[in-house]
Every structure is written in C-alpha cells, then in structure tokens.
Amino acid sequence: MNPGLDWQLHMLTPALGLGPHREAWDDLNRQLMGDHGMLDGLFIDALLRHFAAQGALLATASREGKAVAMLLINSQTRGLGVWSSFLPSQTQIGPSLIPAGLDLRGLLDALPGYAGELDLLCNDPRFGDLRELPRLPVQSTPHALTMSVSLKGSFDDYWAQRPRKLIQNMRRYLRRLQSEPGGERLTVISAPESIEAAVQRYAGLESSGWKGREGTAVSSDNPQGRFYAEVMREFAARGEALVYELWLGEDLLASRMLLVRGGMAVMLKTAFHEQFERFAPGRILLLRALEDLFTRAPGGGVEFYTNAESDLLAWSTSQRWINHVSVYRHRGLPALYGLLRRGSRGWRGRANQPVDTDIMVSRSGASIDTCAHVRELPADALALMHKAERRHVELGADWYANLIDTVYAGEPQAQVRIHVLRRQGRVLAVLPTVAQTGALGREISALSNFYTAIYALAMEDDVEAEDLLPLTSALRQTSGGTAAYRFSPMDPHSREFALLKRALTLAGLSTHAYFSFGNWYEPVRQNWADYLKDRSGQLRSTIKRMGKKFANEGGRLEVVRDGDALEGALAAYRDVYAHSWKVPEPYPDFMPGLIRLCARRGWLRLGLAWLQDKPVAAQIWIVANGRANIYKLAYDQAYKALAPGTLLTALLMEQALDLERVQEVDYLIGDAPYKAEWMSQRRERLGLVAYDPLTLRGLVGLMRQTVGNAWRRLHALRSAAHSTDNPAS
C-alpha cells in the first residue's frame, strides 16, 4: 500500500453537506481537477442536501495529516460487498478526487464488512483517470459519450471547421426564425438578483414539454428544481453562473444553464419550447451561446457532460467516454461477480458481456465498413495507412496487398477482413485481420504471419480506447462465436498496443499479452568508422582479412536498388537461397513480390556477393523513413569459409550509416547469436490474445492461459530465489 496513507470514513449529514471537510475538498479540487465547477464544494453540498436522503460516506485519505484523496460513497452497499459512488442523476461526473496511481486497497479495508468491489461511477478520464490503479484488478465500462468545444482562436475559425451539413442546416433554421415577426432576441443572465427568476422560467419551459408529461422536469416544488435554484444562486454570487435565453418576441423558445469557472464552461441543463421545434431553437441557442463564450472565456473550453448523439457531436472539437470503473479486492472477483450478475439488468450486469455495438455506433456516430482487400479501401482509409507506413513499412497498404496476394489468396480457409472505423465521416482507425483455424478452432488474428516483423492497427493520433470499442465490439459480435483473437507481433510500448488491449477488454474479452520474439537493433549515434571501433576485435579482423581474401579470389560486392539490374539480382537471390541452409519458402511468390515492391517504392537495398560470375551471398535490406531493416539474408554453404555474408553486412551497414543516414538499424525477428555481434540493443515484440469467456473453447483457452501465467510466475520466483541463494550465480 502507499506508505503512510491513512483512510478514514465520515458519515455526512445531508443538511450540513461536506461540513468541516469542505475546505479540504475544495483544496483538493484545485490541486487535482483544475477547480472543476461540478466538483466544487458548493455543487457537492447542494447534491448532498437535496439527494442524499439516506446519507453518504465521505472517504478521506491523508498522509502526514494532509488530505491526498477524497470521495463520496453511498452509505449502503448494493449487496455482496459491493459499494458504489454517491451519484445523483443531476451530476455527470463522479464526486471522486483521486490522484493517478493511488493505491485503494486501504479504502477497501476501511469500508464496513467485506468490501469486494467498489464502483467508481461516471469517471471522467480528463479529470482523474481511474482505469489504471496499482495492485488491484480494475474493469471499466463506457457509460456516456461526452464532448467538448475548445474556445481557442475565434468563433469564425471554429464554425468554419464544422461539417458542411451542420452549417447548411443552421443557416436554414436561422432564416426560418428571422423571417418571423417579433424578432430573435438573446439574453444572458448572470446577476444574482436575476438568476432565480431565470431558473424559474427554465423550469416552466421544461415542464411544458415531454419531461413535464413524464414527471421528470425541473420544477419549483421538486428536489431537482430546488437544487438548481440553489446551485445557480450560489454560483451567481461568485460571478460563475450564466443562463442563456432565446426569445422570439415575447415567447421564450429555449433556455440553457451553465457554470463558468477558470475558463471552463460546464453545460448543466437545456430546454426548448416544443411548439417552436421547427426553428430548432435549442440548436440556435447553442450557436449563440458559443459565440458569446468565445468572447467571454477565450482560450478556455466548454464541457457538455451529456450522452451525445451524432447530431450534437458535429459541434464538438473533442469527444471522450465517461466510464464506470469497478475496483476489486482480488483478481478472481471480477469473474465471480460477472457470473452472479449475468442476465441481470443495468451496466453492472453487462460488465463481462460484449457492449451492444448498435448502441455504441448510434451514440458515437461511428460506422464500421469491411473490405476483403486493401485495393477496396477508400482514399481516406488508405491515407491513414500511408501515415502508419511512415513508421513501419509493414503497416502500409502496399505491404498488405503483397501479403494478401501471395500468401492468403492461396489459403481458401482464410478470410481477410480489413475493418475501417469512422465517426462523423472521419476515419479513426483501420484494423487488418484474417479469420482462420487456430489452436482453439476458428480464430480472428492480425493480418500477419512469419514474414511480419511488426503489426499495428492504423489510427489517428487523438484516438482513445473507447473510440475503438465499436470496432472491437463489432469484431466480437459478428465473428460467429470465435473463441480467441490474436494480434502479433506488436511493440508493447506503442499506443496501438495499449489501446487495442484496452478496447478488446472493454468489449468483454479477457485479454493477455504474450512473448512473440526478441528484436535486436542499433540506435545510430555515429558514423561507420566509429561504429566499427565498438564492435568486437574478432569481427573487425574477419571483415579486414576476408575482405582481402575475397577480392583476391575474384569476389565483388554490389547493391541493387531498382532498374534494369533488378530481375537479374532477383534471380541471383533465388540461386543463393536455393544453395543455402534455409528451408524452401512456403509461399514462393511473397519475396519476389516484396523485392519488386521495395524497388518500386525506393526502399530496396539488395546486396549481392559474387565470386567470379556466381552469386554466393545475398541480403535484402529495406531502407525507409530513417530505418534500415535487415529483412532476409542467405549465403551458399559451399563458400562459407570466405564469410561473404559478413562482408555484405559490413557494406550495407556502412552505406546505411554514412550514405542513408538512418536513425536505426533493425535485425527484426529473433535472437540468433550473430545479431548481437552487430547490434547493441535488444527489445521484445509481444502479442495480444483475447479470449471470449462466453464460448466453451474461449473458456478453455482462458483457463490454460491462467494456469500458464501462474506457472511462469512461480518459475520466475524459484529462479530468483535460486539466484539469491547461489553465490556463484
């Protein structure tokens, strides 16, 4: 646990709100959440006064007498040792002031009885992301897709970047409204003496619509009406409350309540007069409010805290998911609680089941298109793959086209599917996959094989794991009971790895990382001469001696890039490969296709060692985007004594360092001992495997994975103990 951390529970009296803890709460809100308006003590006190009929627990963590975390918890459990945040529907952000990386085990110990689960509801990852906590299993479920509008720059610049359809619709609505007698009028109320009357007008407007008919509207004689009157009055006294009203003559068409603090405006409530729906008064008022806020809070932002539909998302400059986060005392409890709740209603009942893709798509404005070949992809999806290709050539459309045409086209049981995720018409990600038979029967995996040194989905820089959830959920729901999903080889330190892992987990799959292979590489910091000085004396001697001997026997080295010499060089490569120690290529068309592709793109460095007119060694290097990949090498075993492979590596390395000026040389796949002679660094490539626990084969795979993980941990502990006990080790 965090050393020196003291957790205490305090039963709050609703009428007193936070009481003596108010000052500490506001201090933490300033430190951790940027003085968030919906986490301000005034707002929290009003929530407690009007909605905590059964009281609430305030949990505080302090170190050396100073509060470091605070949160509100319901005073009663949900049964089975399950506790949850105090969260009335009038707030869309959980009242939890918890810094990143805080150990919550002490809180679970402090809660009465046996606390097996703590549900931290409506966690906004922008203000304290609780999805990664140390030493405790955590599960998160997307709850609502909220949105923001950045107030940086001018309103005109912001509006010019909105979708064309939105701009056209708003012009039509404005013309329609402005053609009416009486004239459009905007009022902005902020004075404390006027704000309560504005709240009353808002209540009347909302009560006249469907909420009034259903009995859920704000009203002067119900708790939520009194709550908003208090909040707006208290914040207005500090100059931090606004009510925007849109009028047509003497008719109030729409009203919107906001809190504004420190450059951040928070939308609280909005209502419009249904009789005037043809004017879209709510949208016109939003337009006018944003125009005003660009002037009132320049450089700030507007937080909507709503479960935004696609038409509202068109107004946003950024979007993110508000999550329900569950923290468990032990690793086995998520599965146990999931089994106990399966079939029950509510988000917690669906915690271990796939999220409904249709709901995810409708809420996020997402769409998923599927193609069988990269040649079928639209231009914007290809552009995103081209962007990914600038990091690794294996991530580009040209690589995948060659892989599909020369490998998977000859596999009738394999089904290539390239998934394109869009939101609001914008491509967010491209995920190339293939469905084929694996260890657990039918599996879906990365569109890769032993020719692939790195794999990743192509995605935009601002994508988060929740943005990928419609994609991974659709992958699961349309896979026909697939037991496992495998994606390898991947860079474990990349955003793509982390986000795909989380997105698979969010879709209800049990996701695990596994070792793929070691990868030796050299970060280039020097020229060839200095690099060679750092190599072993034996290697330097071999290059010098064999270079002279090879030349004296009529040997020569060349590097072919493209042009008329290409087909002859390809024939020479094939001849060397046939006389090498390597087994024949299982897909004989892949390498010729790759060589021609690399020549066409300017990436090819095909090194050949000739003895007289006979090729005796060949190497294929792919040089692109500041990286030299040593992709294939072979030599004729009859000429091993002349070390033609070593001489070729030296030549190509010298050119990569001194002529190509690459930043990295990569030996790609495997831990062959000779690679350490040339490279100074080693990293690992990992894979992701995600099991579907709702399928029998998936459950079997998960059990095997769990047992294997436990065995590896035990073996590691025994090895560490042996190393400690053995002085000679």
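**Entry 1: the cores.** I kept in mind that this is a predicted model. I began with the largest nonpolar core and found that it has 87 residues. Val 430, Phe 487, Phe 590, Leu 594, Ile 595 and Tyr 631 have the most contacts inside this core. I picked Val 430 and listed what it touches, leaving out residues up to four places away in sequence. The list holds Ala 381, Leu 384, Met 385, Ile 418, His 419, Val 420, Leu 457 and Ala 458. I then noted a second, separate core of 50 residues, with Phe 43, Ala 46, Leu 97 and Phe 235 among its members. A reminder to myself: in soluble globular proteins, nonpolar side chains tend to be buried together.

Next I asked which residues of α5 are buried. They are Leu 166, Ile 167, Asn 169, Met 170, Leu 174 and Leu 177. Looking down the axis of α5, I saw that these buried residues fall within an arc of 165°, so they line one face of the helix. I jotted down the background: an α-helix has 3.6 residues a turn, so residues three or four places apart point the same way. On the other side of α5, Arg 164, Lys 165, Arg 171 and Arg 175 are exposed. The cover over the buried residues of α5 includes α4 (155–160), β8 (184–189), β9 (241–248), β10 (251–261) and α9 (281–296).

Entry 2: Most residues other than glycine have a negative phi, and most peptide bonds are trans. I went looking for exceptions.

- Ser 488 and Pro 489 are joined by a cis peptide bond, with omega about -5°. Pro 489 sits in strand β19, residues 484–490.
- Tyr 305 is not a glycine, yet its phi is positive, about 45°. I placed Tyr 305 in the loop between β12 (301–303) and α10 (310–313). Its relative accessibility is 4%, under the 20% limit, so Tyr 305 counts as buried.
- Asn 625 also has a positive phi, near 55°. This residue is in the loop between β23 (614–624) and β24 (627–635). At 44% relative accessibility, Asn 625 counts as partly exposed.

How values were computed: Residues numbered from 1 in each chain as written. Predicted model: local features only at pLDDT ≥ 70, side-chain atom pairs only at ≥ 80, totals over all residues. Heavy atoms only, no water. Core = buried A, V, L, I, M, F, W, Y, C linked by side-chain atoms within 4.5 Å. Buried < 20%, exposed > 50% of the residue type's maximum accessible area, 1.4 Å probe, protein only. Contact = heavy atoms within 4.5 Å. Helix = DSSP H or I, 4+ residues; strand = E, 2+ residues; numbered from the N terminus. Arc of directions from axis to C-beta.
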